[in-house]
Amino acid sequence: VSRLQTYAQNPFAFFLQYGLKLREREVMTLTPAERGTLLHAILEGVFGQLMQAGQPLGSLTVADLVHLVDEVGHQVLTSGDPTFDIFNSSARMRYTSEQLMQQVATTLQAMRRGQPNNQHIQTAGTELPFGMGKQGLAGLKYSLPQGSVSVRGKIDRYDTVKVDNQAAPFLTVVDYKSSQRKFELAKVLAGLELQLVTYWLALEQDQSAPVGAAVYWNAQTPWL
């Protein structure tokens, strides 16, 4: 999905990045993408444990939540995955990783209000791929005059929502962002903001329950 957006914004940049596969020279510094990768990994781990236990986020106290984030965060950082090596490379980076875990804990405390302890809203899946082989959902395919296009990607999270006066539940797509992001319909129509609507379509074509909402969740703290 992000490749389609890149092409819509700047076809020449798309050619350089995905055609010639040019890359900037690597510098030993923490990038926003690496921060986002750690943030996503911790959130995936937290919600994975909650799904395994059949608990909504709102069932945890603030102390339990902070403890769970700390536990999952240290599991990720000591997993041996080279993606996270930079976070263990110096005392400064270790301090930064602790600050990022605090950011995740603050984000989850805000999310608790959206998953109260009444089982009406509960996470049903995280990091769900579509169009990536046998695992996950089927990809989206579109026929064009010049040929066909297959779209693949990964959905950060989706929740099941039950409404008291409504018999059937519906699904909500949640896409995490480590920087400020707002949904803008004008950008969608211009082909510059495709993620949420693409995730919506991919989930709806594969699941029996309809998708009723899709949101960006800005996991951001101003002091970090």
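Reader: What pLDDT does the protein average?

Author: The model is predicted, and the protein averages a pLDDT of 87. A score of at least 70 is reached by 96% of the residues.

Reader: Where is confidence lowest, and where highest?

Author: Helix H1, residues 2-9, has the lowest confidence, with a mean of 84. Helix H4, residues 62-77, has the highest, at 94.

Reader: Switching topic. How many salt bridges does the structure hold?

Author: Four. One of them joins the side chains of Asp159 and Arg157, at 2.8 Å from N to O.

Reader: Are Asp159 and Arg157 buried or exposed?

Author: Asp159 is buried, with a relative accessible area of 4%. Arg157 is buried too, at 6%.

Reader: And what does Lys177 form a salt bridge with?

Author: Its partner is Asp175, and the closest N and O atoms are 3.2 Å apart. Lys177 has a relative accessible area of 12% and is buried. Asp175 also counts as buried, at 2% relative accessibility.

Reader: Which residue does Glu193 meet in a salt bridge?

Author: Arg181, with 3.7 Å from N to O. This pair links distant parts of the chain, 12 residues apart. Glu193 sits in the loop between helix H6 (185-189) and helix H7 (195-204), while Arg181 sits in the loop between strand S5 (170-177) and H6.

Reader: Buried or exposed, those two?

Author: Glu193 is buried, with a relative accessible area of 4%. Arg181 is partly exposed, at 29%.

Reader: What volume has the second largest pocket?

Author: About 220 Å³. Its lining has 10 nonpolar residues, one polar and no charged ones.

Reader: Which residues line the second largest pocket?

Author: Among them are Val1, Leu4, Tyr142, Val149, Thr198 and Leu201. Strand S2 (140-144), S3 and H7 each supply at least two residues of this lining.

Key:
Residues numbered from 1 in each chain as written. Predicted model: local features only at pLDDT ≥ 70, side-chain atom pairs only at ≥ 80, totals over all residues. Heavy atoms only, no water. pLDDT = per-residue confidence, 0-100. Helix = DSSP H or I, 4+ residues; strand = E, 2+ residues; numbered from the N terminus. Buried < 20%, exposed > 50% of the residue type's maximum accessible area, 1.4 Å probe, protein only. 1 Å grid on protein atoms, 1.4 Å probe; cavity = no way out; pocket = protein on both sides within 12 Å on 5 of 7 lines; lining within 4 Å. Points joined across faces, edges and corners; volume = space filled by probe spheres on them. Nonpolar A, V, L, I, M, F, W, Y, C, P; charged D, E, K, R; others polar.
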